Amino acid sequence: EDYRWKVIRTGGFTPLLLHPTLWHFFNLGFISVFQNILLLWIAAGPSLVAWTQAKQCRGRNNNNITSWNSLDTLATILFLTFLMIETVSDNQQQAFQTEKHRRRKAGESPLA
């Protein structure tokens, strides 16, 4: 858990989430559903490329390799975009954890 959840749980995002029932709906909708959709999007590019390649090779000699096309470019762009987002997110989490542990060792007020 990082510092952003504290903001959400204390009503910093919206006071509606302080209500326990609404918090459970948020948890179900965002965590259970939306994050799985994000994972599906991450896997969709390579899956679509593999499916298209298999469809093109059906009925042909399997040694025949098709050339790069716009779908390959789209999949590459999507992959690199998601990789960049994940890298930024990981770096934010690392910076937060490093600062949290530094504050604990120094006896300062913790972040979370």
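Student: What does the accessible surface of the protein chain come to, and what percentage of it belongs to carbon and sulfur atoms? After that, which residues lie nearest the centre of the largest pocket?

Tutor: This is a predicted model, in which local features need pLDDT of at least 70 and side-chain atom pairs count only at pLDDT 80 or more, while totals for chains, interfaces and linings use all residues. Residues are numbered from 1 along each chain as its sequence is written, and side-chain values use heavy atoms, with hydrogens and water left out.

The accessible surface of the protein chain is about 8,700 Å², and 65% of that belongs to carbon and sulfur atoms (Shrake-Rupley method, 1.4 Å probe; for residues, only the protein chains shown count as cover). Of the 112 residues in the chain, 13% are buried (under 20% relative accessible area; exposed is over 50%, partly exposed in between; 1.4 Å probe, protein chains only). The chain has 3 helices and 0 strands (DSSP runs numbered from the N terminus: H or I of at least four residues for helices, E of at least two for strands).

Now the pocket. Its volume is about 630 Å³, the space filled by probe spheres set on grid points joined across faces, edges and corners. A pocket here is an open set of points on a 1 Å grid over the protein atoms alone, where a 1.4 Å probe fits, with protein on both sides within 12 Å along at least five of seven lines; lining residues have an atom within 4 Å of a point. The largest pocket has 18 lining residues, with Gln35, Leu38, Ile85, Glu86 and Ser89 nearest its centre. By class, the lining holds 11 nonpolar, 3 polar and 4 charged residues (nonpolar: Ala, Val, Leu, Ile, Met, Phe, Trp, Tyr, Cys and Pro; charged: Asp, Glu, Lys and Arg; polar: the others, Gly among them).

Helix 1 (3-9), helix 2 (20-57) and helix 3 (70-106) each supply at least two lining residues, and helix 3 gives the largest share, 8 residues. Helix 3 has 37 residues and spans 54 Å from first to last C-alpha, close to the expected 54 Å (1.5 Å times one less than the number of residues). Leu71, Asp72, Ala75, Phe96 and Lys100 are buried in helix 3, and its buried residues pack against helix 1 and helix 2.

Lys100 also lies 6.0 Å from Pro110, C-alpha to C-alpha, at 10 residues' separation in sequence. Pro110 is in the segment after helix 3 and counts as partly exposed because its relative accessibility is 41%.

Technical notes
Contact = heavy atoms within 4.5 Å.
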